[in-house]
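Here is a friendly walk through one protein model. Have a look at the picture first, and then we'll take it piece by piece.

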Amino acid sequence: MENLLRPLIVVGGSVVLTLFIGWATDRLLCKADERHPETSLWGLLRRGRIPYQLVFCAALLRGSFDRAEVLEDHRVGVSRTLTLVLIGAAAWMAVRIVGAVVETTYTRYARVHHDAARVRRVRTQVSLIMRVVSAVVGVVAVAAMLLTFPAFRAAGASLLASAGIIGIVAGVAAQSTLSNMFAGFQIAFGDMVRMGDTVVVDGEWGTVEEITLTFLTVRTWDERRITMPVSYFTSKPFENWSRGTPQMTGIVYWHVDHAAPLDAMREKLRDILRECPAWDGRAYGLDVTDTTPNTLQVRALATAKDADDIWTVRVTVREKMIRWLAEEHPYALPRVNTADALLPPNRANGRVPGGIAPQRRAHESPRADR
C-alpha cells in the first residue's frame, strides 16, 4: 500500500500544487490588470501561464522524483526527460515574458506619439527584435538540452576546436542568408522601409505587411502578396510613398477637342474637389500640357493626405469630369473628323481621286473652265 500511495502523493501533489499556484497567479494578474487599465502588461503576462505551470510542475517532479521510489531502473531517463521539459518550458516562458514587455512598451509609445511614420518605424524595429530574441532563446535552449547528454559534453572540446573552420564553411554556404539577415537589421534601424508603408516595387503598388530577418511581404491593392528578400531593398531602387510626409499629389489626364471649354473645366474641377471628402484642400489646377492634330491633352492636379485618398480623388475627378463633358459639352469630347477637307484658295473646284484638286498653271484663268 505504501508503494502505491508514495508515488501517487508525489506525482498527484505536484500536479495539484502546480494547478493551484497557476490559478492563484492568474487571479493576481487579472486583478492587477483591472487596477491598472492604462497598461496592458498584466493582461499580456497571462499568455505565459501554460509555460509557467510547466516549469513549476517539472521543477517539483524533478526535485521529488527520488522520494517516489518508482521506475528505479529508468531513473536516469526520467530525470533527463524532466530536465528537458524544464529547459524547454523555461525558454517558452522567457519568450512570452519578453514579448509581453516589448508589446506593452510599443503600445504605450504608439499611444503617446501621433506621428504615424515614427510609430511604424518603432513597430518594425520591435518586430525584428522579438524575432532575434526568440531565435537566441531557442538556440540557447537547444544547446542546454544537448549538454544534458554526456556524449555531447565529451564532444564539446572537439567541436570548439573546429568552430573556426565550421564558421568559415557555414559563412560561405549561407552567404545569401547572412546578407538577408544583415539587410533586415539595416532596414529596421536605417528607417528605409517600415511596416505599413506604401511602396512600389517592380511596378507593383502595395503596402508593406510583414518584415522578417530574411524576407519582406508586400500586400498589393488587389490583395495579392509579393514576398521579396530584404536584400532587394538595400541593393535596388524602389518607391516609398510613405517616406517623410504621406501627403501626395495626383494627376489625371484627358484628351479633349480643341474647342473644349477650359475655363468651365477649371470651375467644374473646383466643384468636384469640394464635394470629394478625400481631397485635403491644399492645391488643385488644370492646364493644357500637349496638343495633337485632333485633341488637346489636359492635365488636372489634386492633393490628398495619403496614397489611399489620392487614388479616390483621381478616380472621382476622372469619372465626374467625363460625365459632365458628355452631358453639358458633348462637342468637347474627342471626335473623328469625317468631313471633306477644305480646299485652299489657289486650288480649283475640280477634284482628282482622293479629293485633292489639281494645281493650276499660273497663266491659266478660272474663266477658261467655262
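How many residues are in the hairpin that joins E7 to E8? The link is made through 4 residues. Keep in mind as you read that this is a predicted model.

**The overall picture**

The protein has 370 residues, and 30% of them are buried. It contains 12 helices and 8 strands. If you take the contacts between residues at least 6 apart in sequence, 63% of them join residues at least 24 apart.

**Strands that pair up**

Elsewhere, 5 strands make an open sheet, with antiparallel pairing and the order E4-E3-E2-E1-E5. At its edges sit E4 (225-229) and E5 (239-240), each pairing on one side only. E3, which covers residues 215-220, pairs with E4 in the antiparallel sense over 5 bridges. Within that pair, Leu216 has Met228 of E4 as its bridge partner. As background, strands of a sheet pair through backbone hydrogen bonds, either parallel or antiparallel.

Here are three of these pairings side by side:

| Strand pair | Sense | Bridges |
|---|---|---|
| E3 and E4 | antiparallel | 5 bridges |

**A closer look at Arg219**

Arg219 is found in strand E3. Leaving out residues up to four places away in sequence, Arg219 touches Gly206, Thr207, Glu209, Arg224 and Arg225. Gly196 is 23 residues apart from Arg219 along the chain, and their C-alpha atoms are separated by 9.7 Å.

**The nonpolar cores**

Now for the inside. The largest nonpolar core has 26 residues, and Trp254, Val256, Met265, Val313 and Met321 have the most contacts inside it. At least two residues each come from strand E6 (248-256), helix H11 (262-274), strand E7 (279-291), strand E8 (296-304) and helix H12 (307-328). Which element gives the most to this core? That is H12, with 7 residues.

A second, separate core has 16 residues, including Val193, Met195, Val208 and Phe233.

Setting aside neighbours within four places in sequence, Trp254 is in contact with Met265, Leu286, Leu296, Gln297, Val298, Ala300, Val317, Arg318, Met321 and Ile322.

**A space inside**

Finally, there is 1 cavity of 30 Å³ or more, and the space in the largest cavity comes to about 40 Å³. What lines the largest cavity? The lining is made of Gly250, Ile251, Val252, Leu269, Ala300, Leu301, Ala302, Val313, Arg314 and Val317. E6, E8 and H12 are the elements that give two or more residues to this lining. By type, the lining residues divide into 8 nonpolar, 1 polar and 1 charged.

Conventions: Residues are numbered from 1 along each chain as its sequence is written. This is a predicted model: local features need pLDDT of at least 70, side-chain atom pairs count only at pLDDT 80 or more; totals for chains, interfaces and linings use all residues. Side-chain values use heavy atoms; hydrogens and water are left out. A nonpolar core is a set of buried Ala, Val, Leu, Ile, Met, Phe, Trp, Tyr and Cys residues joined through side-chain atoms within 4.5 Å. Buried means under 20% relative accessible area, exposed over 50%, partly exposed in between (1.4 Å probe, protein chains only). Contact means heavy atoms within 4.5 Å. Two strands pair if DSSP finds at least two bridges between them. On a 1 Å grid over the protein atoms alone, a cavity is a set of points where a 1.4 Å probe fits but cannot get out, and a pocket is an open set with protein on both sides within 12 Å along at least five of seven lines; lining residues have an atom within 4 Å of a point. Grid points are joined across faces, edges and corners, and a volume is the space filled by probe spheres set on the points. Ala, Val, Leu, Ile, Met, Phe, Trp, Tyr, Cys and Pro count as nonpolar, Asp, Glu, Lys and Arg as charged, and the others, Gly among them, as polar.
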